[in-house]
Structure formats: C-alpha cells, structure tokens
Amino acid sequence: MTEFTHIPWLSILIFLPLAGALLCLVLWRREELCRWLALAVSWGVFVLTAGLFAAFRAGGSGWLLYEDHAWIERLGVRYILGLDGMSLLLVLLSGFLMLVAVLVSWRVRRHTGFFFALLLLMEAGILGVFLALDLVLFYLFWELMLIPMFFLIGVWGHERRIYAAIKFFLFTLAGSLLMLLAIIGLHLLHTAAGGAPSFALDNLRGLELSPSLEAWLYAAFLLAFLVKVPLVPVHTWLPDAHTEAPTAGSVILAGLLLKTGVYGLLRFGFPLFPNAAAASLPWLALLALIGIFHAAWIAYLQPDAKRLVAYSSVAHMGFVVLGLAAWNQTAVEGSILQMVNHGLTTGALFALVGMIDERAHTRRIDELGGLWGKVPRLSFFFLFFSLASLGLPGLNNFAGEILILIGAFQTNPVWGATAFAGVVFAAAYMLRLVQGVLWGAARGALFWPDLEPREGAVLVVLALLVLWLGLYPAPFLAPLREPVADLLNVLPQGGLP
Amino acid sequence: MSAGLLFLILAFPLLGALGNLLLGELLLRRVRAAVAVAAVAASALTCLLLWPLAAGEGTRATLFTWLESGTFQVSVDILFDPLSASMTLMVTLVSTLIHLYAAGYMEDEVDTTRFFVLLNLFVFAMLCIVLADNLLLLFLGWEGVGFCSYALIGFWYAEEKNAAAGRKAFLVTRVGDVFFGIALLWLFALCGTLSISAINAQASLLGSGTLLALTLLLLGGACGKSAQLPLMTWLPDAMAGPTPVSALIHAATMVTAGVYLLCRLFPLVSLSPTGMMAIAAVGALSALYAASCALAQREIKRVLAFSTMSQVGFMMLAVGAGAVSAAMFHLFTHAFFKALLFMAAGCVIHLTGGENDITRMGGLRKQSPFVFWLFLAGALCLAGAPLTGGFFSKDEILLADFARATLFYRGIWLLGTCTALLTAIYTFRLVYMVFAGEPRSHFHGHALPGPMRWTLPPLALLALGGGLLNLPPLYGGKEHLHQFLGPLAGTRIHASHAVEWALAVLAVALFFLGWALVHWRHRRAAPEPVGALPAFLLSGWRADRLVERGILRPFQVLAGWCWQWGDGRLIDGTLEGAGRLCLSGGERLRRLATGRLSTYLTALAWGLVVMLGYFAWRIL
Amino acid sequence: MIVPMSHILAFSAALFVMGLACVLAQRNLIMILIGVEIMLNAVGLTLVGASALWQKVDGQIFVIFLMAMTSAEVSISLAMVVYLRRRKGTLEADAFDGMKG
Amino acid sequence: MASAIFYILGFTALAATALCITRRNPVHAVVYLVNALFALALMFYQLGAPLVAAWEVIIYAGAVMVLFLFIIMMLELAPASAEMQGPGWRRWGPVLLLSLVILGCTLALLGIQADQDGVPAFWVSPRAFGAALFDQYALAVQVVSFQLLYAAVGAFYVGKGSLRRRTQGEETP
C-alpha cells in the first residue's frame with residue numbers, strides 16, 4: 001500500500017490531460033490522430049480515476065492521497081493536492097464525463113485538433129479544481145477551466161455563440177476576480193496575524209476574523225461559487241451558454257463545471273468562514289427554493305429543447321444547494337450524490353439533444369415530434385433519461401433528491417415540503433419535452449439513422465450507471481460518510497438555524 | 001420455504017419486462033406475448049405456492065440496502081401479510097387474465113414489444129406497492145405505476161390527444177404524489193424510519209393535530225392515484241389507451257392503490273377521527289359526482305371510467321367508516337367485475353370496428369350473445385344485483401356507514417345510497433344502449449380472437465361468485481376475508497340483524513327501481529336528452545375547464561412573467577444595462593482620443609503642469 | 001563645482017521648457033522631433049550637473065545611455081518620417097489621426 | 001573666470017535654442033541646434049565630463065543632426081531659396097555671432113586649462129569612465145546595445161516597407 005501511495009497519482013491525473021492537450025496542439029494538422037489521442041488520454045484518465053475509486057471505495061477520514069511541494073517560495077504558494085471521499089466521487093465523475101464528451105464530439109469538423117486540445121485542457125483544469133488545496137493553485141485551475149470553455153462556446157457554438165460566450169465569461173470572471181481579491185486579503189490577514197506567508201487551506205483555516213470582515217470575504221467566495229452553481233439571481237448566463245455551446249461543451253458545463261461551485265463552497269467557502277457560512281444557510285435555502293420553482297416554471301415555457309434542459313439544470317442545482325443549506329449528514333451526502341446524478345442525466349440529455357440536432361438540424365420542440373416512430377432506440381434513451389431527470393424512483397435522481405428532501409425536512413419542514421412540491425413542475429416540463437419530441441405525428445418524411453454504435457455505447461453505459469445509482473447507491477455513498485461527517489463539524493451549532 | 005423466495009413474485013414480471021425490452025424485437029410476436037403472460041402467470045403461481053407464509057403476522061424479507069445515509073436507512077424489503085398477500089393474488093390473477101386478453105387484443109398492432117414491456121413493468125410496480133414494507137419502496141411502485149400508466153395511455157402516441165391524456169394523468173397524479181411524499185418526509189422526521197409496520201406501531205404516540213395533517217396528506221396522495229375529488233380529472237381522459245390497459249390499470253389495480261395505501265396505514269389513519277371523516281366525505285362525494293357524470297357519458301369506456309371513480313369512492317367511504325375488510329372486499333369484487341366490463345367493452349369495440357360511441361351502437365345482443373351475457377354479468381355486479389359479488393360488498397360498506405350512527409355518517413350513508421341508485425341507472429342505460437334494440441348504424445366489425453373470448457368467462461365467474469370471499473353471517477357465510485385479515489381488518493361492525501335485513505332490502509329495491517326506470521325509458525328507442533344538465537354532466541361538471549381557467553392559465557401567465565420579466569428584464573436587463581452604461585461611458589471617453597499628436601502632447605503638458613503644481617503646493 | 005547646482009538646474013529647465021514649447025507649438029514632425037532632442041539634452045545637462053554635484057560617475061554614464069537611446073529613437077522616428085511623408089505627402093502632425101477612437 | 005565662461009555658454013545655448021525653435025525652415029533650426037549643442041558640450045566639459053562632451057559633439061552634433069539634415073534634404077522640406085528673403089546679415093548674422101562666442105569660449109577654456117596646475121574638483125577620465133561603465137553597468141550596456149540593434153532592424157523594416165508600398169502605390173493608387 002505504501003508503494004501505491006508513493007506514486008504521485010494526483011499529479012499524474014492532472015498532467016496527463018495537460019500533456020495530451022499540448023500534443024493535440026502540436027499535431028493539430030492531423031485531425032484523425034488528435035481524435036484518437038484525445039480518446040486515449042481521456043480513457044487513460046478515466047481508468048486512473050476508476051482505479052482510484054476502486055482502491056479507496058471504503059473511504060475514510062482525512063486525506064486518502066496527499067501531495068505537497070514548494071512552488072513559489074517567496075509568497076508561500078505551495079503545490080498541494082489532496083483527495084478525500086468527496087473529491088474522489090467528483091474526480092470519478094470528471095473522468096467519466098470527459099470520456100463521454102470526447103465520444104459525443106467525434107463528428108466535430110472545424111479545427112478538430114484545437115477542439116480536443118481545449119477539451120483536455122479543461123479536463124486538467126477541472127481535475128485540478130477538485131484536487132487543489134492551495135488557494136492560489138485552486139484559483140489557477142479555476143481560471144484554467146474557464147478559458148477553454150469560453151473558446152468552446154465562442155468558436156464551436158451555435159448561432160448566438162459570441163453573445164453567450166461573453167456572457168458566460170463576464171459572469172464567471174466577475175465572481176472569480178472577487179474571489180481572487182478575497183484570497184489575497186485572506187493571505188495578507190494571515191501574514192499580519194503573524195503567520196508565515198501561506199495560501200494553503202489548512203493554514204488559513206481557523207484564522208480569527210472580525211465578523212464583518214469574515215462576512216465580506218465569505219461573500220466574495222460565495223459569489224464566485226454561486227455564479228458557477230448557478231443559484232437564482234445569477235443564473236442567466238447558464239441557459240445561453242448551454243444552448244449555444246457545442247454538445248460536448250454542454251455536457252461538461254452541466255456535468256462538471258456547475259459542480260465546481262458547490263465543491264468550492266464545501267471545500268473552501270464553509271471551512272474558511274464558518275460563522276458567516278452558518279449565518280448564510282437559511283438565505284441559501286431560500287434562494288435554492290426560489291430557484292427550484294422559478295427555473296422549473298421558465299423551463300416549462302422554453303421553445304428550445306436544449307434551453308429547456310438548461311433551465312432544468314438550474315432547478316436541479318437548486319436541490320443540491322438546498323441539501324447544502326440543510327446541513328446534516330443525509331442532506332449533504334444527498335447533495336454530493338445528486339451532483340453526480342445530475343451530471344449523468346443532464347449530460348446524457350444534452351448528448352441526446354445534440355444527437356437529435358445532428359439529425360434534424362433543429363432543436364425547437366414545435367418543429368420536432370414523433371421521433372419514436374423514426375428512431376426508437378434514441379427515443380427510448382431520451383425517455384429514459386427524461387424520467388431519470390424528473391425523479392422517477394429507481395433511477396438516480398430520485399436517490400439524491402430523496403436524501404436531500406429527507407435531510408431538508410429534518411432541518412426545516414417547510415423547506416422539505418416546499419421543495420417536494422417542485423417535483424410536480426419537474427414532471428411538467430420534462431413531460432412537455434418528451435411530448436413535443438417523442439410523441440405526436442412524425443414530421444418530415446426524411447429517413448433518419450438511428451443510434452450509431454458509438455452513440456449507443458455511450459448511452460447504454462450512462463443508462464446502466466443511472467440504474468445503478470438509482471437502485472444501489474451505497475458504493476457511492478460509502479466514501480462520503482466520513483468526509484461529510486468531518487465537514488459538518490466545521491460550522492458552529494451544526495448549522496441549524 | 002424461504003422468505004427470500006417472495007422476491008420471485010416481484011422478479012418474474014421484471015424479468016419479463018427486461019427480456020422483452022432487450023430481446024423483444026428479435027422474437028416472434030406470439031413469443032413476446034407468451035413471455036409477458038408467462039411472467040405474470042409465474043408470479044401468480046409463486047404467490048399461490050407461498051401462500052402459507054402470509055398467515056398470521058406474515059413474513060418479512062429483505063433483499064439489500066437501497067439507501068443509507070446518516071440516520072436514514074431504507075432497504076428493499078417486503079412484507080407478505082394477509083392484506084398484501086390477498087391483494088397480490090388478486091393483482092396477479094387479474095393481470096394474468098388481462099395479459100392473455102391483451103395478447104389477442106393487440107394482435108394487429110405493430111409495436112407490441114413496447115406494450116408488453118410496459119404492461120409487465122406495470123405489474124412489477126404494482127406489486128411493489130402491494131408488497132413494500134417501507135414507504136419509499138411503496139413510493140417507487142407508486143411512481144412506477146404512474147409512469148407505466150402514462151406511457152400506456154399514450155401508447156398510440158401518433159395522435160397528440162392520446163399522449164396529452166397520458167401526460168395529464170401523470171401530472172395530476174403527481175400532484176397527489178407530492179402530498180404523499182410530504183407525508184413520507186414527515187413520517188420519517190417523526191418516527192425515524194420508513195418501515196410501514198414500525199410507523200403503524202408508533203402512530204399512537206403522535207399528537208392528534210399531527211395525525212390529522214398526516215391523514216389528510218395521505219388522503220391527498222390517495223386521491224391522486226385513485227382519481228377522487230378533486231384530483232379526478234385525469235381518469236376519463238385516460239381511456240385513450242388500449243382497452244386492456246384501461247381494464248388493468250384504470251379499473252382493477254392502479255386506481256385502487258390509493259385505497260390500498262390507506263388500508264395499509266390504517267392503524268395510523270384510524271387514530272384521527274376527523275381524518276376518517278374527511279376520507280369518508282371525499283369518497284362519498286366522489287362516488288356521487290362520478291355516478292352523476294356517468295349518467296350522461298356517450299363513450300362506452302368513459303361511462304366505465306366514471307363508474308370506476310364512483311366505485312373507488314365507495315371503497316374510500318368504507319375506509320373512512322373504518323371497515324378495511326369491506327373496502328378490500330369491494331376492491332376485489334370491483335376488480336373482477338370492472339375488468340370483466342372493460343374487457344367485454346373491448347370486445348364490443350372490436351365487434352363494431354373501433355366504434356366507441358354508445359349512441360351509435362345498439363342491437364349487439366343479436367350479433368354476439370356471448371359478449372352480451374358476459375357484459376351483463378359484469379353489469380349486474382356493478383349495479384348491485386342481489387347475490388352477485390358487487391351486491392354483498394357494496395351492502396357491507398353501506399352497512400358499515402349506517403352502523404356508525406352519527407349524523408355525519410348517516411349523511412354519508414344517504415349519499416352512498418343515492419349513488420347506488422344512480423349506479424343501477426347508468427349501468428342499465430349502458431346495457432340497453434349497447435345491446436338492446438336495433439343497430440343504430442352500420443359497422444364493419446372484426447371477429448373476436450380466441451384469447452379475447454376465453455379470458456372473459458373465468459372473470460365472470462369470479463365476479464358473480466365474488467361474494468363468497470366475504471359472505472356475511474347474515475347469509476350463512478363466515479366472512480373469510482375478514483377472518484383472514486385478522487387484526488388488519490379494521491373496526492368491527494356492530495349492527496342488529498334487523499338493520500342488516502332492512503338495508504339489504506333497500507339495496508334490492510334500489511336495484512330494481514333503477515332497472516325499471518331505465519327499462520321504461522328505453523322501451524322504445526328514445527333520443528338522447530339534450531340540454532344544459534346533460535351537457536354539464538357530460539363534461540364532468542366542467543371540472544376540466546375549471547382547472548384550465550383556475551390553475552393552468554394562471555400558471556402559464558406566472559411562468560411567462562418569471563421568464564420575460566424575472567430573467568429577461570430584471571436580471572439580464574440590469575446586467576445588460578450596466579453593460580450599456582459602460583459602453584456609453586466608453587463612447588464618451590472615445591471622443592477624447594482624437595488620434596492627433598497635438599492633443600496628446602497638450603494633455604501631457606497639462607498633466608505635467610498639474611504634477612508640478614501639486615509639488616509646488618506641497619513645498620509651499 | 002564652478003557654479004551652484006541651482007543655476008545648472010535653471011539652465012536645464014529653461015532648455016527643457018523651450019523644447020516642450022517647440023513640441024507643442026510646432027506642427028511639423030521634424031520640428032517636433034527637434035524639440036524632443038532639446039528636451040533630452042536638457043535632461044542630459046541635469047544629469048551631468050548632478051554627477052558633478054555628488055562626485056559620482058553614474059550621472060555621466062546615464063547620459064551615455066541617453067545618447068544611445070536617442071540615436072535609436074531618432075533612427076526609427078526619422079525612418080517613420082520618411083515613410084509617413086511618402087504615405088500621405090505631408091508632415092503636418094494633425095494629418096495623422098489613424099489612432100482616432 | 002571659469003564660472004563666467006559657464007554662464008556665457010549657458011546663455012549662448014539658450015539663445016541658440018530659442019532661435020532654433022522659432023525657425024520655420026528646418027535647415028535653419030538644425031543649424032541653430034548644432035550651435036546649442038556645441039555650447040552644451042562645453043558646459044559638460046566644464047562640469048568634469050570630457051568624454052560626454054566629446055560624444056555630445058560626435059554623436060549629437062555629428063551624427064544625429066547630420067541625419068536630420070539628410071532627411072530634410074531628401075524629403076525636400078526646406079523652402080525654396082526664393083522664399084528666403086531679407087538681407088544676408090540677417091540670415092547669417094546670428095549664426096556667426098553664436099559660433100564666434102562659442103569659439104572664443106573654447107579658446108578661453110583651453111587657456112584656463114593651461115593655466116591651472118591642479119586637476120579640477122571633479123574630473124572623470126575616460127579610463128575611470130570606461131571602468132565604471134563596463135564594470136557596474138555591463139548588463140545595461142548589453143541591453144542598450146540590443147536596443148540599438150532593434151532600432152536598426154526597425155528602421156530598416158520601416159524603410160523597406162515604405163519602399164515596397166511606394167512601388168505598389170504607383171501602380172494602384
């Protein structure tokens with residue numbers, strides 16, 4: 001076991017896609033090679049993450065893997081990576097969804113090499129965010145995943161891509177710049193308090209801060225994370241970005257980027273500012289509840305299938321934030337599980353809408369219809385993932401949602417009961433989507449090819465995972481138990497308002 | 001006999017569904033149907049074989065831990081006690097017959113794979129509801145049947161209307177599910193477990209207000225699934241599905257799930273007298289409402305749908321009166337005769353070449369005496385003809401109500417009795433319009449396939465003889481079902497023989513009164529009445545329009561407002577306004593950049609002057 | 001020091017202001033460049049004076065660097081003058097407003 | 001005596017500069033500026049910077065100003081001789097006067113230098129200067145020399161570009 005842990009797995013995990021991205025950039029002229037290279041690298045990363053998951057599936061308290069090297073000595077910036085049960089799950093999800101993203105973008109024809117290079121670069125950034133424990137390193141990765149996404153939307157997107165890309169960029173940048181300020185502020189306060197210059201999470205924790213100062217710094221972190229989540233008043237970048245992004249971009253955006261916000265809150269926001277965080281929980285719950293309904297209502301009216309799925313993301317992330325706000329073992333575990341669930345189902349739905357778009361060249365619900373008669377297999381998966389998304393028990397989203405709801409009800413019955421009412425609207429918009437796309441008379445007499453083996457393989461694997469998580473989520477909950485229990489001790493008075 | 005074998009009851013339909021899902025396209029059409037039928041039949045057989053396990057307290061079995069987090073722990077565990085065992089047997093038996101019937105009914109369909117997969121999946125989900133030992137597994141089945149019902153109502157999806165009916169069914173029942181779900185969350189918060197037995201055991205420790213709220217929430221859930229007021233609008237539209245689906249889901253099994261849920265949690269529900277009164281009131285009002293609507297319906301299946309709603313109302317009424325055994329008794333007899341009626345109606349539709357409108361039928365008795373006699377058997381049970389299954393079960397419910405001897409329950413009893421009269425009237429109206437007289441129009445009927453014929457007689461036997469299940473002592477019976485259910489059977493009815501006889505005579509009188517009224521009216525082919533009242537009843541008291549105006553439109557307006565004003569104007573508008581402010585600011589600043597060297601140099605000089613001035617000021 | 005530093009600074013400032021006046025007042029690119037040269041020389045005088053004041057060689061070394069930079073600047077700017085003259089046929093500074101916002 | 005010469009040179013430089021910046025004819029301006037530079041060079045010399053003074057003359061007056069003149073001539077910026085009006089002394093008088101003053105000052109300085117027996121208070125010999133330059137400021141020298149190289153390349157590029165543009169421009173205006 002010591003042999004095993006001495007290998008810097010986490011660095012390998014981050015630098016493998018980075019190297020792949022550089023290779024893709026160098027070989028950009030040879031498109032076919034780039035495609036296969038991206039597939040190989042993402043496959044390699046996935047195998048690594050799966051291996052790590054298999055090795056640490058029992059979980060445990062503290063860091064499962066930890067790396068610490070000096071980096072910029074004068075400022076006390078260190079290269080610290082750490083893996084615990086919480087990041088383990090998200091790292092696994094990243095490894096898997098990146099593979100999916102590479103597979104669904106097999107048909108990208110413009111600047112193929114650059115496309116895959118950006119994908120791999122983003123993978124490195126996302127993995128870095130989930131592993132970094134030094135605030136500067138974290139911020140570096142945080143921005144690293146933003147920029148490739150900007151280009152993915154702006155270059156390979158649909159009609160209004162420039163608008164969407166800039167909107168996405170401005171929203172996220174506004175948040176993250178404030179976070180950078182807060183990071184620097186925290187560092188200076190730490191130094192002023194007599195500590196050695198450091199940006200490491202463990203050193204900055206437990207810093208004595210005046211309440212107003214703590215609130216301001218927390219607010220800066222919170223804004224950066226909530227924009228990424230996104231929670232309701234700052235969510236409007238998401239529908240545009242999702243709608244205009246290429247399929248792989250939407251998959252990653254929904255599946256992984258949104259998770260970084262919640263992860264950041266859990267890993268950095270709450271432990272760094274426990275008092276302010278505890279005070280903010282009821283407000284977070286309020287916003288989450290508003291988000292669940294607001295986004296669901298808006299989703300119901302969307303004419304564009306992709307936009308509808310995008311708004312459903314906002315509603316689902318509302319559930320995740322509600323779980324955080326409830327702040328007990330069940331709810332927080334449910335939130336983290338729900339992040340994985342949402343990544344799988346929404347990723348699959350975006351992939352499916354992308355596949356439909358490739359065939360029909362439209363995503364408008366009123367222009368589609370009767371797909372079941374044309375492409376039954378694709379339609380089957382569409383129905384399946386829609387059901388998962390609307391929270392049918394036995395499929396994955398239900399498992400996460402019920403944990404969140406149970407936990408939320410324990411913390412505050414009104415939260416749990418109100419949020420449960422949200423599932424009606426989830427059913428309303430998902431069924432409207434299904435109705436418009438699958439049922440009705442078939443439109444257009446053109447022959448459509450059903451699923452290719454590549455697409456079929458992706459969807460089958462996703463569907464099996466959805467079933468697994470829905471029926472037997474225990475293996476995915478096991479590594480969470482201790483990290484979440486440790487996390488719960490961070491906030492004063494257990495966070496109960 | 002191992003308790004683990006109980007899971008085979010669940011596993012067979014699931015395997016059947018999976019098998020057809022994965023391999024169905026490769027199999028012959030007959031093989032697909034055979035797989036589906038065999039799966040359900042195997043389940044029924046297993047249930048019979050394992051019957052001894054149900055005796056007494058019943059048997060528990062756990063498969064694996066489904067969800068575990070913190071104090072929350074839910075396993076996939078089932079409880080095979082008298083209540084669930086009898087329900088299981090009924091579900092599997094009726095399902096087997098209906099599957100067989102469906103094999104014939106769907107002979108000419110293209111996409112039978114989907115049909116049988118969904119049908120098997122439905123049986124699986126229904127059995128989950130019945131057998132579940134915890135509320136979450138029950139909820140899984142609860143939502144599962146909802147989905148299957150949705151997909152089967154919209155089976156002929158090419159018509160937008162059918163799919164829309166399915167969606168309506170799913171959404172309306174989901175509103176009910178929310179109440180059930182909240183009850184589930186609350187029960188967990190109160191009891192720390194979701195096990196049904198544990199909750200029932202702890203129920204007496206809860207406060208009365210809490211109990212009332214929980215009962216009302218559970219009632220809300222039951223109303224959604226069982227199409228009771230006010231969540232009843234979906235059931236008539238659900239008739240858009242294939243007839244076997246209507247027979248299985250919307251008559252025999254799924255719609256009774258709400259009643260079953262209340263029976264399952266009866267120890268909890270019964271602790272709240274106000275809650276019980278609410279249940280009885282909802283049941284009685286629904287029964288009366290649906291019976292009145294059934295009087296004016298023109299489509300054969302819609303008449304049956306409203307009658308289902310009405311009969312389920314009777315069951316709720318029974319639960320409200322505390323008579324679980326009476327409710328279950330009526331549930332069983334109703335399942336038999338209503339399935340029979342639907343399947344016979346399917347035969348009628350088949351014979352008339354897809355005609356659904358009873359005002360255009362007539363004279364079918366001569367064309368197919370076989371179907372006539374079987375339909376009549378079902379109709380007699382429904383109308384409560386003496387000594388049929390429906391007669392005994394309905395009688396027992398009314399007796400239970402009457403026996404409660406409070407003003408409220410007497411009022412409920414009166415409503416129920418009126419409904420019984422209406423039931424006889426609409427039933428005979430249906431029979432007369434379809435079978436009596438001369439054909440009103442010309443049909444190109446199809447011959448009945450074998451499976452559609454010989455699945456009816458067994459059901460007819462069950463329906464007519466259903467009374468034997470729970471024959472009251474008055475008629476020399478031993479109340480088998482009541483005895484078998486034991487402590488689960490609810491409160492005991494105390495009534496003197498005189499009262500029983502009086503009520504029985506009243507029921508018989510009402511039956512014949514109804515028959516006579518219809519017979520008198522239909523002696524000659526009278527035209528359908530037109531006017532405001534029939535139209536009002538035909539539209540189901542305009543409930544759909546009310547929902548449309550009162551809920552759907554405000555919702556759409558609200559959602560549109562959220563979208564256009566909330567997201568569009570408020571959030572994006574603010575941010576884009578900030579952006580525009582920056583742009584216009586930039587536009588003003590841009591004019592300073594003339595591109596001329598002299599401007600820049602002058603500005604430089606002025607800057608120099610300012611700096612020097614500042615230094616000078618500092619020095620002086 | 002043969003003269004007080006303040007006198008050197010005064011000379012230097014006078015030279016500088018004259019150079020600046022030239023730069024601001026003249027419209028001809030060549031004359032503007034000449035003004036820049038005058039300003040640079042004024043600075044050079046200050047540096048040399050300071051070098052003498054503090055008895056340090058560094059000021060003079062800076063003047064050498066200054067000269068080197070000036071020659072670089074002049075070579076580029078004169079090349080551009082030639083280029084611009086050929087491009088637009090004039091050396092009026094206001095004729096070149098390609099950077100107008 | 002030495003300080004008197006310094007003031008004379010200073011005012012000469014100011015006068016020459018004032019004349020320089022008021023000329024309309026660039027050629028005249030350059031000539032006055034050369035005068036001013038000579039005066040400055042002498043002031044440098046008086047302040048103990050002989051090497052700087054020499055370079056002032058060699059680089060500024062010698063190279064840079066000649067380059068200016070060359071460009072002015074090449075671009076034919078000087079107004080035609082017909083425009084230059086007025087009597088000859090008015091055109092040549094100030095230049096001559098200034099040159100004479102500077103010459104006188106130079107001679108006077110040579111005389112003072114010969115008179116004095118000791119070294120001035122501050123005097124940087126070329127040897128000391130070189131030692132400081134290449135010892136302390138070696139890196140800066142490198143940087144500046146690179147800068148000169150870039151300037152040469154840049155000038156070459158700009159000049160070449162204008163040449164190409166011109167040949168093309170004649171074909172397609």
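Two residues are in contact if their C-beta atoms, placed from the backbone, lie within 7 Å. The legends below describe close-up views of a predicted model.

Figure 1. Chain A and chain D do not touch, and their nearest C-alpha atoms are 25 Å apart. Chain A likewise has no contact with chain C, the closest C-alpha atoms of these two chains lying 23 Å apart. Three pairs of chains touch, and among them the pair of chains C and D has the most contacts.

**Figure 2. The contact between chain C and chain D.** Chain C contributes 47 residues to this contact and chain D contributes 53 residues. On the side of chain C that touches chain D, helix H1 (5–25), helix H2 (29–54) and helix H3 (58–88) of chain C each supply at least two residues. The most comes from H3(C), which gives 22 residues. By residue class, the side of chain C that touches chain D holds 34 nonpolar, 10 polar and three charged residues.

**Figure 3. The contact between chain C and chain B.** Here 11 residues of chain C meet 10 residues of chain B. The side of chain C that touches chain B comprises six nonpolar, two polar and three charged residues.

**Figure 4. Helix H25 of chain B, its span and its bend.** Helix H25 of chain B covers residues 543–592, a run of 50 residues. From the first C-alpha to the last, H25(B) reaches 69 Å, which is close to the 74 Å expected at 1.5 Å a residue. At Gly573(B), H25(B) bends by about 45 degrees.

**Figure 5. Buried residues of helix H25 of chain B.** H25(B) is hardly covered, with five buried residues among its 50 residues. These buried residues are Ala559(B), Cys562(B), Trp563(B), Gly566(B) and Asp567(B). An α-helix has 3.6 residues a turn, so residues three or four places apart point the same way. Helix H12 (274–301) of chain A is included in what covers the buried residues of H25(B).

**Figure 6. The hairpin of strands E1 and E2 in chain B.** Strand E1 (residues 59–69) of chain B pairs with E2(B) in the antiparallel sense, over eight bridges. The two strands, E1(B) and E2(B), form a hairpin with two residues between them. In the turn, Gly70(B) has a positive phi of about 60 degrees. Ser69(B) has Phe72(B), in E2(B), as its bridge partner. Strand E2 (residues 72–80) of chain B is mostly covered, seven of its nine residues being buried.

**Figure 7. The two assigned domains of chain B.** The domain assignment of chain B gives domain 1 as 156–546 and domain 2 as 547–581 + 596–619. The centres of domain 1 of chain B and domain 2 of chain B, taken over C-alpha atoms, are separated by 64 Å. Five residues of domain 1 of chain B are in contact with four residues of domain 2 of chain B. On the side of domain 1 of chain B that touches domain 2 of chain B there are two nonpolar residues, one polar residue and two charged residues.

**Figure 8. Cis peptide bonds in chain A and chain B.** In chain A, the peptide bond from Val229(A) to Pro230(A) is cis, with omega near -15 degrees. Pro230(A) lies in the loop between helix H9 (211–228) and helix H10 (237–244) of chain A. In chain B, Leu229(B) and Pro230(B) are joined by a cis peptide bond whose omega is about -5 degrees. The loop that holds Pro230(B) runs between helix H8 (208–226) and helix H9 (234–237) of chain B.

Figure 9. Trp327(A), a residue other than glycine, has a positive phi near 55 degrees. Trp327(A) lies in the loop between helix H13 (305–326) and helix H14 (329–360) of chain A. Trp327(A) counts as buried because it has 26 C-beta neighbours inside 10 Å, where the cut-off for a buried residue is 20 or more. Gln55(C), also a residue other than glycine, has a positive phi near 55 degrees. The position of Gln55(C) is in the loop between H2 and H3 of chain C. Gln55(C) has 11 C-beta neighbours inside 10 Å and therefore counts as exposed, where the cut-off for an exposed residue is 12 or fewer.

How values were computed. Residues are numbered from 1 along each chain as its sequence is written. Chains are lettered from A and ligands numbered from 1 in the order in which they are written. This is a predicted model: local features need pLDDT of at least 70, side-chain atom pairs count only at pLDDT 80 or more; totals for chains, interfaces and linings use all residues. Helices (H or I, at least four residues) and strands (E, at least two) are DSSP runs, numbered from the N terminus. Ala, Val, Leu, Ile, Met, Phe, Trp, Tyr, Cys and Pro count as nonpolar, Asp, Glu, Lys and Arg as charged, and the others, Gly among them, as polar. The expected span of a helix is 1.5 Å times one less than its number of residues. The bend at a residue is the angle between axes fitted to the seven residues ending there and the seven starting there. Two strands pair if DSSP finds at least two bridges between them. Domain bounds come from an automatic or database domain assignment.
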